[in-house]
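Hi,

Here is the structure I promised to pass on. Have a look at it first, and my notes follow below.

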Amino acid sequence: MRNVLASGAGSLVAAIVGGVALAASAAGEPGVPVSTQMIVVSAPAADSPTGSLTTYERVGRHWRPVLGPTPADFGELGVGAAADDVFRTPVGTFPLGQAFGREPNPGTRMPYFQATELDWWDEDVDSPTYNTHVHAEEIDSEDAENLYDSGPIYDYAVVIEHNPERVPGRSAGIFLHVSDGDPTWGCVAIGRDQMRSVLQWLDPGAHPQIIIGVGVEGPPATA
């Protein structure tokens, strides 16, 4: 895979941190739902394939930690600008969407489906169903991941909505899922028990979001 990096490490980190702050500030804008559940994913450096994950919930004007920090795996190129066929975890603040897993619903309130061999995630940039879940015996796609055959990493998972507009080239199929101990293809991965606990905690009514960046110390300050 091609590795496209910015020319200066300092400018790259500044862009990553600035991008996270800008995206987080959007939650305070009119019409944007206020999140009271936040997952903070922090890398020690932009090129690090590992870091930490901590969940928070807002009580009044304050955030309190719920789970973590727990070790987290990222793409083998670390965190930064996401692109198709580049194993880098996207930075920014994103909603969490559809949950799924090879295992039965562990008790999450998020929309959840139990994956079978008929469940795919389409990552073909030329496909009309690019960056969507497809349930079918066969899929007309040159690049689709079977969510069951991929193994225990998808025992429990939730979609990170980093490209809801489904713009080809911005990367598809970015999830928070179970770790296998290796770098991911761009997802965020944590321990199996921790992933199950995160799903049990998530509440769509709280408009949960995930912040991914370098040196992120916690959720943004609340007004």
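To start with the rings: those of Phe, Tyr and Trp (its six-membered ring) count as a pair if their centres lie within 6.5 Å, and a pair is stacked with planes under 30 degrees apart, edge-to-face over 60, and tilted for the rest. By this rule there are six aromatic pairs.

Before the details, a word on the source: this is a predicted model, where local features need pLDDT of at least 70, side-chain atom pairs count only at pLDDT 80 or more, and totals for chains, interfaces and linings use all residues. Residues are numbered from 1 along each chain as its sequence is written, and side-chain values use heavy atoms, with hydrogens and water left out.

Back to the pairs. Phe87 and Trp185 are stacked, at 5.7 Å centre to centre with 5° between the planes. Phe87 sits in the loop between β4 (79-80) and β5 (89-90) and Trp185 in the loop between β12 and β13 (188-190), so this pair ties together parts 98 residues apart in sequence. (Strands are DSSP runs of E, at least two residues; helices are runs of H or I, at least four; both are numbered from the N terminus.) Phe87 is buried at 19% relative accessibility, while Trp185 is exposed at 60%; the cut-offs are under 20% relative accessible area for buried, over 50% for exposed and partly exposed in between, with a 1.4 Å probe and protein chains only.

Phe100 and Tyr154 make an edge-to-face pair, 5.6 Å centre to centre and 65° between the planes. Phe100 is in strand β6 (residues 92-101) and Tyr154 in the loop between β10 and β11 (157-160), 54 residues apart. Phe100 is buried at 0%, and Tyr154 is buried at 2%.

Arg102 lies over the face of Tyr148, 4.7 Å from the ring centre (the rule: NZ of Lys or CZ of Arg within 6 Å of the ring centre and within 35 degrees of the ring normal).

Last, helix α2 (residues 192-201): Met195, Val198, Leu199 and Trp201 are buried there. Seen down the axis, the buried residues of α2 fall within an arc of 165°, so they line one face of the helix; the arc is taken from the directions from the helix axis to the C-beta atoms.

Cheers
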